[in-house]
Amino acid sequence: MTISKQFPFETIVVASDFSQKSSSTLRYAQAIALQHGAMLVLVHVIDPIGYAFPTGVPSALSVDQTAREELNRVEEQLRAQGISVHSVLETGDICELILQTVRDHGGDLLVLGTRGKTALGRAALGAIARQLLAKTEFPILTVTPDVESLIPWAGKWRTVLLATDFSTCSLAALTAAHRIAHRLLTVLHSSVTESDTEHRSHLEQLRFLAPMNESHTVPVEHIVTTGEAGQAIVDFVLKHQIDLVVLGSPATMLSEEDMHTSTVLQVISGVHCPVLCIPAPREKGKSATPAIESKGEETAALQKA
């Protein structure tokens, strides 16, 4: 087990529905926990709407018992590997209860599985994921079912891509990306159209914001490109070996129609690697994002720039 002082996540909450596709999400989170000595909190929320059948209570009790047995089984497996683990079984509003679990256990990171492959299938990001991205004050790591080949690099990400539009939340994401890139940090900015002068200006901004990671050992590549941001990021990931994409989280609730216009949703649904979504720092008087809180001075400096 390797515990990194650079790693900002000590308590990882994993939302699971126990489906076969969610098992890759759990294995990915497990690899992070093993790599960095983090604690795992497993949360499974049962939707009470599923109880609205003639069989009523017996069906509800059966679902609850099955879920608890599965959680206990997973806990035993994780403890056998030396991972500190706790599980939570709730019934009610899925989104709110997941967020409350993160708060109650002092979570630094929420790991969420995504199921879709393309287009409508990737709308399996669903209302839950869209709500979580909009409401969370915590970083969210989305993991696709086809992440298996990248599990050996979970928590020790070799190549990290940070996409920025110079907004507050993307600058906070840059701070996080600096801390977790092990071999190469690529910082990318894309806009639909821009002149040569704007191109040079944006490249200069990237070089100023991300000259080198904080340990001064990982090289930083700066890329300014033309095109719709979401597609530009997806195209770059598909052409290069990227272990992790880091983005700033959207500040508003996204609808299904936003699948075609939201950069974050396009990236999450278009790449095979995990995507770490970092929310903007909270307003004064509100709790700060755990992963960013210890880097408050650095984040403030980036925002002023």
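A charge sits over a ring when NZ of Lys or CZ of Arg is within 6 Å of the ring centre and within 35 degrees of the ring normal. Keep that in mind for the first stop, and remember throughout that this model is predicted.

**Stop one: a charge and a ring.** Select arginine 158 together with tryptophan 153. The charged end of arginine 158 lies over the ring of tryptophan 153, at 3.8 Å from the ring's centre. If you then go looking for rings paired with rings, the count of aromatic pairs is zero.

**Stop two: strand E10.** Now select residues 275-278, which form strand E10. In a regular strand the side chains alternate between the two faces of the sheet. Here, Val275 and Cys277 are on one side, Leu276 and Ile278 are on the other, and all four names are buried, leaving both faces covered.

**Stop three: the neighbours of E10.** To find your way, look for threonine 142, which stands opposite valine 275. Leucine 247 has cysteine 277 of E10 as its bridge partner.

**Stop four: helix H6.** Finish by selecting residues 168-180, the 13 residues of helix H6. From first C-alpha to last, H6 reaches 19 Å, close to the 18 Å expected at 1.5 Å a residue. How many of its 13 residues are buried? Twelve are, so H6 is largely enclosed by the rest of the structure. Among them are Cys169, Leu171, His178, Arg179 and Ile180.

Technical notes:
Residues numbered from 1 in each chain as written. Predicted model: local features only at pLDDT ≥ 70, side-chain atom pairs only at ≥ 80, totals over all residues. Heavy atoms only, no water. Phe/Tyr/Trp six-rings, centres within 6.5 Å; stacked < 30°, edge-to-face > 60°. Buried < 20%, exposed > 50% of the residue type's maximum accessible area, 1.4 Å probe, protein only. Helix = DSSP H or I, 4+ residues; strand = E, 2+ residues; numbered from the N terminus. Pairing = 2+ DSSP bridges. Expected span 1.5 Å × (residues − 1).
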